[in-house]
Amino acid sequence: MLPEQFCVRMKEMLGEEYAAFYASYDLPKYQALRINPLKTERDTFLLQAPFSLNRVPWTTNGYYYSGNDQPGRHPYHEAGVYYIQEPSAMAPAEYLMAEPGERILDLCAAPGGKSSQIACSMQGEGLIVCNEIHPARAKILSENIERMGVCNALVTNETPQKLSDNFREYFDRILVDAPCSGEGMFRKNEDACDEWSPENVENCAARQAEILDCAAEMLKPGGRLVYSTCTFAPTENEGSISRFLERHPEFSILPVEKKDGMMPGVPAWTEHPADGLEHTIRLWPHHLKGEGHYLAVLQKAGVLSRTCQGYCRNGVEKGINEKECREFFAFAEENLVKNITGNFLKFGDQLYRMPEGMPSIRNLKVLRPGLHLGTLKKNRFEPSHALALALRPDQVKHVCSLESDSPQVKAYLNGQTLNMDGEKGWYLVTVDGYSIGWGKLAGGILKNHYPKGLRKNG
Ligand SMILES: C[S@@+](CC[C@H](N)C(=O)[O-])C[C@H]1O[C@@H](n2cnc3c(N)ncnc32)[C@H](O)[C@@H]1O
């Protein structure tokens with residue numbers, strides 16, 4: 001049941017269109033996945049995918065799947081070959097237009113759909129800071145970053161305020177996928193209806209103002225800020241943007257091309273509309289195949305420069321020298337074909353390869369400072385699940401190659417050992433050529449190193 005006050009307001013906003021909007025609640029929700037180019041070529045995947053896929057028009061790698069398919073249960077999901085994402089939610093990261101080598105901040109990032117999408121555009125080069133304020137959600141974000149094979153992410157669990165105390169004019173682009181009243185998700189998630197109230201809309205707008213002000217400080221001159229929500233409420237959306245631009249005249253709305261079915265933001269829905277609100281974008285469930293979303297692309301005055309270093313409180317993270325990780329290099333020599341170079345960091349006994357120029361993490365709550373390589377043990381090294389998911393079979397010496405419909409895949413994901421012949425050592429376990437974890441072979445038995453917390457039962 002839709003909240004009555006919500007329906008009254010939507011009727012006022014939409015007039016004649018309201019009937020079509022209301023009828024969209026009886027249509028099935030659209031389900032989609034986004035192919036991960038860090039793991040596969042789109043055309044290769046389209047040939048091998050056992051699902052019926054149709055393109056999401058506004059995203060390069062987005063595809064609708066049919067209600068009969070269950071891509072979340074396929075081993076390709078564990079291998080990070082795709083991310084299951086609501087189709088409209090694929091739009092904001094497209095408009096961020098991240099490029100390799102840049103410094104990007106995803107300020108409200110959990111569970112990580114947009115972070116992983118941004119990371120795909122960066123192709124492993126540069127730095128993406130993925131932040132989430134809630135600890136439990138930050139953990140899920142960090143796991144998704146790992147599953148998707150993202151190697152250049154710093155995952156933090158901070159308030160926007162704390163981050164803006166640490167970074168000034170530091171990022172080339174920032175995504176604020178704001179906590180919102182969630183009206184656009186009423187069809188997808190009925191619980192969202194129960195949590196709705198006009199007071200909550202006001203509270204969300206106030207929270208968005210605080211988050212956006214922090215983002216403004218952290219963006220470089222000339223940088224791009226994308227604000228997005230999954231709500232229809234103009235007190236957020238057009239309202240949040242208009243009030244932000246009043247407080248921050250150094251920002252303006254960037255006119256961007258609207259893609260198939262996207263509609264303009266509506267200046268008349270807010271009291272003091274900012275110039276250019278019609279260039280912001282509304283995604284309506286009765287105009288396109290996706291849920292309700294809003295997004296605005298803003299630019300800060302000035303000329304964007306990669307050489308502008310900005311301020312970051314404790315400088316660059318120095319890391320450790322190669323001698324301190326000799327167990328890792330011995331492991332790499334024995335088991336990898338790929339050379340893993342860069343700056344390394346020790347977090348207790350955990351070893352990471354940091355993203356290029358990673359800022360100091362001294363006073364930040366950090367879940368993942370780059371690519372987790374593994375655990376430094378006494379005179380040996382145990383590779384991490386993240387390393388397995390970041391490697392391709394041609395980058396390791398030993399591969400245990402399984403087919404997705406074989407019983408061994410199920411057994412492996414259940415945590416069972418596999419029988420196989422071969423040289424002793426670490427094996428990258430793959431499904432149709434996509435890595436899903438490690439196994440260690442000795443005496444004809446491949447010991448299972450699939451993380452206990454991820455194992456499937458039955
Ligand atoms: C719309 S969700 C983000 C979805 C995510 N971008 C994705 O694509 O997977 C908004 C996030 O903002 C977080 N959040 C809530 N309050 C916040 C605050 N005061 N500051 C920053 N983030 C907050 C929520 O925990 C939630 O994870």
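**Entry 1: the chain as a whole**

I began with the secondary structure of this predicted model. The protein chain holds 14 helices and 25 strands. I then looked up the extent of the chain along its principal axes, and its C-alpha atoms fill a box of roughly 75 × 50 × 35 Å. For 458 residues, a compact globule would have a radius of gyration near 23 Å, and I noted that the value of 23 Å for the protein chain agrees with this.

I next turned to burial and contacts. Of the 458 residues, 47% count as buried. Taking contacts between residues at least 6 apart in sequence, I found that 73% join residues at least 24 apart.

Strand 1, residues 31-35, meets strand 4 in the antiparallel sense over three bridges. Within this pairing I picked out Leu33, whose bridge partner in strand 4 is Ile84.

Is strand 14 buried or exposed? I found that seven of the eight residues of strand 14 (residues 293-300) are buried, so the strand is largely enclosed by the rest of the structure. The cut-off behind this is that a residue is buried if 20 or more other C-beta atoms lie within 10 Å of its own.

I then listed strands that pair with strand 14. Strand 10 (residues 219-229) runs antiparallel to strand 14 and is joined to it by six bridges. In strand 14, Gln299 is the residue that stands opposite Arg224. Strand 11 (residues 251-253) also runs antiparallel to strand 14, with three bridges between them. Here I recorded Leu298 of strand 14 as the bridge partner of Ile253. Strand 13 (residues 281-283) is likewise antiparallel to strand 14 and joined by three bridges. Opposite Leu283 I found His293 of strand 14.

**Entry 2: the surroundings of the ligand**

Which residues are closest to the ligand? I counted 17 residues around the ligand, and the closest are Cys108, Gly113, Lys114, Asp177 and Pro179. Two helices deserve a note: helix 6 (113-122) and helix 10 (198-218) each supply at least two residues of the shell.

**Entry 3: Asn343**

Where does Asn343 lie? I located Asn343 in the loop between helix 12 (326-335) and strand 16 (344-347).

Finally, I looked up what Asn343 meets beyond its own stretch of sequence. Leaving aside neighbours within four places in sequence, Asn343 is in contact with Gly319 and Met354. I also noted the spacing to Gly357: Asn343 and Gly357 are 14 residues apart in sequence, and their C-alpha atoms are 8.8 Å apart in space.

Notes:
Residues are numbered from 1 along each chain as its sequence is written. This is a predicted model: local features need pLDDT of at least 70, side-chain atom pairs count only at pLDDT 80 or more; totals for chains, interfaces and linings use all residues. Two strands pair if DSSP finds at least two bridges between them. Helices (H or I, at least four residues) and strands (E, at least two) are DSSP runs, numbered from the N terminus. A residue is near a molecule or strand if its C-beta atom, placed from the backbone, lies within 6 Å of it. Two residues are in contact if their C-beta atoms, placed from the backbone, lie within 7 Å. The radius of gyration is taken over C-alpha atoms; the globule rule is 2.2 Å times the number of residues to the power 0.38. A residue is buried if 20 or more other C-beta atoms lie within 10 Å of its own, exposed if 12 or fewer, and partly exposed in between; C-beta atoms are placed from the backbone.
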